Amino acid sequence: MRRKTGIEWTEVTWNPTTGCDRLSAGCDNCYALAMAKRLKAMGSERYQVDGDPRTSGPGFALTVHRDALAQPFRWAGHRVVFVNSMSDLFHARVPLEFIRDVFAVIAATPQHTYQVLTKRSARLPKIADKLDWPDNLWMGVSVENAAHLYRVDHLRQVPASVRFLSCEPLLGPLDALELTGISWVITGGESGPRARPLEGDWVRDIRDRCIEQGVLFFHKQWGGRTPKAHGRDLDGTTWSEMPEVSRVVTA
């Protein structure tokens with residue numbers, strides 16, 4: 001099912017896979033796991049959150065949904081689509097053939113723009129040459145602190161038309177961040193009752209690097225228990241820059 005979303009940098013979500021497990025510090029307060037528990041309690045059959053013995057930590061079982069591949073063909077108009085808000089398409093348990101199928105759907109619906117985001121960046125250069133990369137697919141990696149800047153180097157090795165970083169939740173400064181080959185950076189603080197603090201200087205440093213290097217910058221939120229209360233402004237400016245989205249007209 002295509003779902004409208006409150007995520008400021010996209011319009012709808014599409015989940016051809018669901019499920020994931022903890023990988024790094026950015027996963028500690030995973031919104032997808034909390035949402036999966038609620039959806040399961042409401043009777044959804046797409047989420048298994050009782051534990052998976054193959055996972056390395058808390059999570060919910062990864063499941064491939066082949067029926068979801070047909071959904072984008074039924075959407076009217078133009079959409080900006082966040083792929084797998086409830087999973088990670090590059091998880092080791094997602095078969096290469098299924099990733100190819102997802103990419104094929106994206107290529108066949110050029111009127112939409114698709115945003116794919118992963119924390120499992122090491123898989124990107126390993127299989128990049130085994131995939132056909134459509135122009136309407138944006139590829140991103142999550143970078144929550146300096147310990148995971150290596151994900152940016154992995155991202156630079158893929159031939160995506162747009163490469164982007166999601167620095168959310170931003171948990172520390174990114175003093176060594178280098179933006180060569182990157183088109184867009186998103187920053188944001190963690191939300192919810194256990195939200196970890198976001199320091200303004202961490203965000204300012206990233207903004208300044210983006211300005212200096214001609215990279216688009218989007219500050220999503222300051223976060224906190226009630227993130228809307230803290231707004232999005234950074235030093236009096238709302239930063240909402242984004243790459244140009246697909247506007248292909250289909251018959």
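The legends below concern a predicted model, in which local features need pLDDT of at least 70 and side-chain atom pairs count only at pLDDT 80 or more, while totals for chains, interfaces and linings use all residues. Residues are numbered from 1 along each chain as its sequence is written, and side-chain values use heavy atoms, with hydrogens and water left out.

View 1. The protein has six helices and ten strands, taken as DSSP runs numbered from the N terminus (helices H or I, at least four residues; strands E, at least two). Of its 251 residues, 54% count as buried, where buried means under 20% relative accessible area, exposed over 50%, and partly exposed in between (1.4 Å probe, protein chains only).

**View 2. The surroundings of Lys220.** Lys220 is placed in strand β10 (residues 216-221) and counts as buried, at 10% relative accessibility. Its side chain meets that of Glu168 in a salt bridge (3.1 Å, N to O); because Glu168 lies in the loop between β8 and β9 and Lys220 in strand β10, the pair ties together parts that are 52 residues apart in sequence. Glu168 is buried as well, and a cis peptide bond, with omega of about -5°, joins Glu168 to Pro169. Leaving aside neighbours within four places in sequence, the residues in contact with Lys220 (heavy atoms within 4.5 Å) include Glu8, Trp9, Ile186 and Arg232.

**View 3. Glu8 in its loop.** Glu8 lies in the loop between β1 (3-4) and β2 (12-14) and counts as partly exposed, at 31% relative accessibility. Not counting residues up to four places away in sequence, Glu8 touches Phe218, Lys220 and Arg232. The C-alpha atoms of Glu8 and Ser240 are separated by 8.7 Å, although these residues are 232 residues apart along the chain.

**View 4. Two further salt bridges.** Asp28 forms a salt bridge with Arg196, the closest N and O atoms being 3.3 Å apart; Asp28 lies in the loop between β3 (17-21) and α1 (31-41) and Arg196 in the loop between β9 and α5 (200-213), so the pair ties together parts that are 168 residues apart in sequence. Asp28 is partly exposed, with a relative accessible area of 38%, and Arg196 is likewise partly exposed, at 25%. The side chains of Glu144 and Arg151 also meet in a salt bridge (2.8 Å, N to O), but here Glu144 is buried, with a relative accessible area of 1%, and Arg151 is buried at 0%.

**View 5. Positive phi angles.** Asn84, which is not a glycine, has a positive phi of about 65°; Asn84 lies in the loop between β5 (80-83) and α2 and is buried, with a relative accessible area of 2%. Asp235, also not a glycine, has a positive phi of about 55°; Asp235 is found in the segment after α6 (227-230) and is partly exposed, with a relative accessible area of 46%.

Key
Salt bridge = Lys/Arg side-chain N within 4 Å of Asp/Glu carboxyl O.
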